[in-house]
Amino acid sequence: MSVLLLALLVMLLLGSGTYLILRQHAMKLILGLGLISHAFNLIIFSATGLTAGTVPILPLPPRKADELPEVGHFADPLPHALILTAIVIGFGVTAYLIALIQRLHEVRDGADYSAGTAYHDVEHFSPGRTGEPDDYMYLEDTLNEPPIGRAGADTLGEDQ
Amino acid sequence: MTASANLANLLALFAIAPLCAAGGSLLIPRFQLLPRLHTHSLAALLAGVVNLMLALWLMASTVQGTHLVLHVGGHQGPFGIVLVADVFSALLLLLTAVIYLGAVPFAIDVLDQRDRMGFYPLSLFLLMGVNGTFLAGDLFNLYVFFEILVITSFVLVTLGGQRDQIRGGLRFVVLNLLGSMVFLGAVAVAYGTLGTLNMAHIAVLLRQPDLPAWLAPMMAGLLFVAFAGKSALFPLHFWLPCSYHTTHPVVNALFGGLLTKVGLYSLFRLFPLLFPEQLASWQPAFLMLAGASMVIGTLGGLSGDTIRRALSFQIISHIGFIFAGLALAGARNGVLAAGLAPAILYLAHHMVVKTAVLMAGGAVELELRTGRVVPGPDGGAGGLLTHRRWLAIWFFLTALSLAGIPPFSGFTGKLGLLRLMVSMEQWLLLAVAVLSSFVTLYMIMRLWQGAFWGSPQVRCEGGPMAAPTRLEPGFGLLTLTPIAVLVGCSLLMGVFGESAWSVANQAAATLADAETYIDSVALAGHLADVGH
């Protein structure tokens, strides 16, 4: 019964995740991906069946050397480890995706980038050795200093 | 046994060496040692050299068909982490090492501010992910190494933060992320039904007669979707053309050589081992996908408006060629190996030559300050032939190899694949393959003509080419030498076709021989005893 509920939940998560991804909206894209990754985590979680009310630790009664321990009622720890890895990876990628979308908005609003400027039309191939500033300084500035002209930057009271 | 077990410990170095170099360069502040060389690029160079030596050693010790198996931490069999190297892995590791070591000098020569944004540590993480994928002996570690490489490529593809890069990179990230999740679903199905993730163990358990009929097709389907997405096979290819050309030429060359090939490797590794039935019974669909990839890749390359866009899009057509080899091999019951060999040879050729041609194309773009070299109203007449003669020569040679002109490696590989198609009587696929080869030749000659012919003084009015050509310093020996070395590799693979074929045959035989793989992994683990 609980497996059936879990299956329905996975279905719901996958369905709504797919719906959200197809919305063409950055925030909904992130939410949709989050839902889908949770659906797959649940699939792994339920892969070895659901064991309620126990821990993934084998009881170790004194036994002979060649004898396998009685497994009995025992939660498989491996799916937990797999999910943990998957969650960490999913979390990292989601964070990166948010940063990317943030960057997309910044670049779109940035004065240095008129709309429709293609990569090749920007004269940025002046490798560092010539010493003249190029477009990548833009990114370095945003990384190293509080961005100028954005909300909050002035209120921090720094020596701008 | 003990000697080879001790030697197998060296397999871990394929992941450890790049990891240490990457971690080291993240910890140690970056400072200039020589005018061109700083600590990060030095670390990358050293790791690349170590990696190449390891790969050469591995190639030498597996070329006879032996398997090297490392049970990490001494944990045996299906429970521990297993790294497995056979001649196919060794071949791809060797090519990866060569490509990486070629890309680092190119990066030292032409990299811009991205140099300071951590290109070298990222490229090392990429190397680690690629190496690990080629060695992983179980599905979950395949997933983990895949993620290392994919997440690194997420950062590399957007490194620089250009508008186009972010837009293309977003698609790249989302589609690869979805592919990874499908892969994870396959892992869940494998563990839930078979109780193991070790590939050899899965192969043993999948042969049980009383398995549910849906299990193998379902796993095969999920894994196929995941890896077809990663290798940019036809219906799942669209992340590639929208992202590759926006990256820096160095990143583009590295991606062109390594990234999609990892997905292909996984298909080559898993399908003959785990799903030989599906490989045979799904052959018509696979062949259609392969043919469609050839068409899409070639037409996309033809329509590409910049040199790197055309060359990157054209990768998809080569993916189609290589995948066609795998699909054709599936139906030759009992002679799987005979079918796989040309595909492996073509894969090796493609990795080397694609990197070389993308480097040369990138160099052209850097020199002209625009990629729009296709002859037409807003491009062409780069006129590089007069003052960049060596670049012209190397680009021409890589182009010949790419199109499959003898005596380069493209010819032997393509000939093998075409002969396979003839012997299988796949006439439509044969026609598509031959046609797409000719169109590729046309495309690349057009690029060559646009970039190198004409007079550098004659410029299109107001177009992007109006920017003055940078005749002063520019790139030099560090760019041209790796291209020359890669072209040399291609030439050697073509001229000594016999030896190249024997290695490819050996790799194919090893891939097709699931028994030996299972036995060598199970050597200490006794898989059969611990089955369900």
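B:Phe172 is buried, with a relative accessible area of 0%, where buried means under 20% relative accessible area, exposed over 50% and partly exposed in between, for a 1.4 Å probe and protein chains only. The model is predicted, so local features need pLDDT of at least 70 and side-chain atom pairs count only at pLDDT 80 or more, while totals for chains, interfaces and linings use all residues. Residues are numbered from 1 along each chain as its sequence is written, chains are lettered from A in the order in which they are written, and side-chain values use heavy atoms, without hydrogens and water.

Over all chains, 24 aromatic pairs are counted; rings of Phe, Tyr and Trp (its six-membered ring) pair if their centres lie within 6.5 Å, and planes under 30 degrees apart count as stacked, over 60 as edge-to-face and the rest as tilted. B:Phe172 and B:Phe255 form a stacked pair, 6.3 Å centre to centre with 10 degrees between the planes. The pair links distant parts of the chain, since B:Phe172 lies in helix H7 (residues 163-194) of chain B and B:Phe255, 83 residues apart, in helix H11 (residues 249-274) of chain B. Helices are DSSP runs of H or I with at least four residues, numbered from the N terminus. B:Phe255 is also buried, at 1% relative accessibility.

Helix H4 (residues 87-110) and helix H20 (residues 477-495) of chain B pack at an angle of about 160 degrees, with axes 7 Å apart. H4(B) is therefore roughly antiparallel to H20(B), a term for angles over 145 degrees. Axes are lines fitted to C-alpha atoms over the stretch in contact, and angles run from 0 to 180 degrees between N-to-C directions.

Notes. Helices (H or I, at least four residues) and strands (E, at least two) are DSSP runs, numbered from the N terminus. Angles under 35 degrees count as roughly parallel, over 145 as roughly antiparallel, 65 to 115 as roughly perpendicular and the rest as oblique.
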